[in-house]
Amino acid sequence: MEAVNAEEAFVAVAREDDRSHTCLEAALRERRREARRIRLARVPDRFVAGEESALVHWLSGGEAKPTFKPPRPFERGVNGRPTLVQNVETLANLALVARHGAGWFREIGLEEEPGSVLATVRGAVRRPGVVEVALGTPLRALVDLCGGLSEPSRAVLIGGYFGTWIPAEGNLDLPLAQAALGSVGASLGARTIAVLPRRTCGLSETARIVRYLAGESAGQCGPCVFGLPAVADALDALVGGGSRVGGALSRLDRLAPQIVRRGACAHPDGTLRLVASALAVFADEIDEHLAGRCTGSADAPLLPTASGNGEWR
Ligand code: SF4
């Protein structure tokens, strides 16, 4: 707070996340002097509520919905005051750099991307959970830290619901760093990684996530109100298979340019990024669906799509 001359700070936590709230309250009690100027804010448990302008709007007494920019929060934020919105992991790293120095921070990670990353891993690993690894750690080593693969994998979703599917085959040695991931069109994004079991249909998973994301928008811009439900319908048709597949693919092609870069926030663009990667990575699966077959099972959904069951952001 001193570094940016802030008078007040808010720590945002999802309203239904009682466990995090209790832990944070205990942490603030331990720091009584600083805690006087830090407020815990329990934000509505909605996907877009964590977007920076939505947070600012809600903390100013409005709805937890993104607003059009400019102004950005650093220009006009909570109650009209300039506001810095940052991920807690970033701030924690800054505090460590301030305490131990830049040289210490650079001891792990890559020359051009030093430090570590907290990754949330789920799916076909023996011990899903949050692990901290140095930037540049190969994806395979991350999986090993989670007990290794629990079964053969078909693909990996890097970066959460706005992330990118990549094929598991040939990519397990990929370093977890922005430059290396960028070479396959991926990004660490929300630092969430899902290992898709071979028996699970990637198209069905994607269709389910997109239906969920379509329902989680703030419902105030055309791309979300009209575009995302139409994308979800097309994906459902794709998953349904048979003669509907061709029409569904054409609809997806037509919809994409009508949606991208037209919303007040990244929700529609992030959703379409996920869809584009699914269509590329599961291309052979599309052929199977066209023939009326699905090589996977949709019985055991991999990614959660409701609050309170480990939702991803
Ligand atoms: S783009 Fe979608 S999620 Fe973002 S503000 Fe508009 S309606 Fe809401």
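The shell around the ligand has nine nonpolar residues, five polar and one charged. For those classes, Ala, Val, Leu, Ile, Met, Phe, Trp, Tyr, Cys and Pro count as nonpolar, Asp, Glu, Lys and Arg as charged, and the others, Gly among them, as polar.

A word on the model. It is predicted: local features need pLDDT of at least 70, side-chain atom pairs count only at pLDDT 80 or more, and totals for chains, interfaces and linings use all residues. Residue numbers start from 1 along each chain as its sequence is written.

Back to the ligand. Which of the 15 residues around it come nearest? Ala 218, Cys 221, Cys 224, Gly 263 and Cys 265. Near means a C-beta atom, placed from the backbone, within 6 Å. Helix H9 (222-240) and helix H11 (267-281) each supply at least two shell residues. Helices here are DSSP runs of H or I, at least four residues, numbered from the N terminus.

Now the domains. There are domain 1 (9-85), domain 2 (116-197) and domain 3 (202-290). The bounds come from an automatic or database domain assignment. Domains 1 and 3 both give residues to the shell, so the ligand lies between them. The C-alpha centres of domain 1 and domain 2 lie 29 Å apart.

Last, a helix pair. The axes of H9 and helix H10 (residues 244-259) come within 8 Å and cross at roughly 160°. Axes are lines fitted to C-alpha atoms over the stretch in contact, with angles from 0 to 180 degrees between N-to-C directions. H9 and H10 are therefore roughly antiparallel (over 145 degrees).

Key:
Angles under 35 degrees count as roughly parallel, over 145 as roughly antiparallel, 65 to 115 as roughly perpendicular and the rest as oblique.
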